[in-house]
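Let's take a walk through this one, starting with its aromatic rings and ending at a loop. Keep the model open as you read.

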Amino acid sequence: YNVRKNTERLNNAYILNKYSKRFYLLKYGSIFASSINHDTKMQNGLMQINSINILKYTIMRTREFLHEVMSLAWQFVKRNGYIMSEAMKVAWANLKLKGEMKKKIVKFYFKKVDGSVREAYGTLNEKLMPAITGTDNRKKNDTVQTYYDTERQEFRCFKKANLMSIA
């Protein structure tokens, strides 16, 4: 099988699963899959190159994502006094929320500065919020997450460390 030989030459981390006909990349503790249509004839190695490029892109995006998770968790440990396990849970929840808000309106809960819990419906999807006018020359604050509140029809923010749950 040509694709298997080529992937083994590039990196021994690829494993061919006989039953699902997928390639799995086992690296950095996560599993990423890139489907290959078994019925498609490979022409001039084009299929091989595309699948390898997809996997390389997935690795790079994953490394960036894991770096962002760890940086955010370490920020919670240093600034908010969290233990690392709790900081990791909150960091993962924050990045999951950010990803979901880029796609749709999400219901989530966070603790306000005064200690009360707020239920919010927010999005980061440009199709679901009004056009942004003007320029923003202010320094960005990496400790808060901004979002468009669909109930109040305005931009709001919350401290990332105070995220409680995503509904």
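**Rings, then a loop**

Start with Phe108, Phe110, Tyr147 and Phe158, which ring pairs join into a cluster. Bear in mind that what you're looking at is a predicted model. The structure has eight aromatic pairs.

Take Phe65 and Trp92: their rings make a tilted pair, with 5.3 Å from centre to centre and 55° between the planes. Phe65 sits in helix H2 (residues 46-80) and Trp92 in helix H3 (residues 84-103), so this pair ties together parts that are 27 residues apart in sequence.

Tyr147 is in strand S6 and Phe158 in strand S7, so to speak a link between distant parts of the chain, 11 residues apart. Tyr147 is buried because its relative accessibility is 0%, where the cut-off is under 20%. Phe158, at 2% relative accessibility, counts as buried as well.

Last stop: the loop between strand S6 (144-149) and strand S7 (154-159), where you'll find Gln153. Its phi is near 55°, a positive value in a residue other than glycine. Gln153 has a relative accessibility of 53%, and so counts as exposed, the cut-off being over 50%.

Conventions:
Residues numbered from 1 in each chain as written. Predicted model: local features only at pLDDT ≥ 70, side-chain atom pairs only at ≥ 80, totals over all residues. Heavy atoms only, no water. Helix = DSSP H or I, 4+ residues; strand = E, 2+ residues; numbered from the N terminus. Buried < 20%, exposed > 50% of the residue type's maximum accessible area, 1.4 Å probe, protein only. Phe/Tyr/Trp six-rings, centres within 6.5 Å; stacked < 30°, edge-to-face > 60°.
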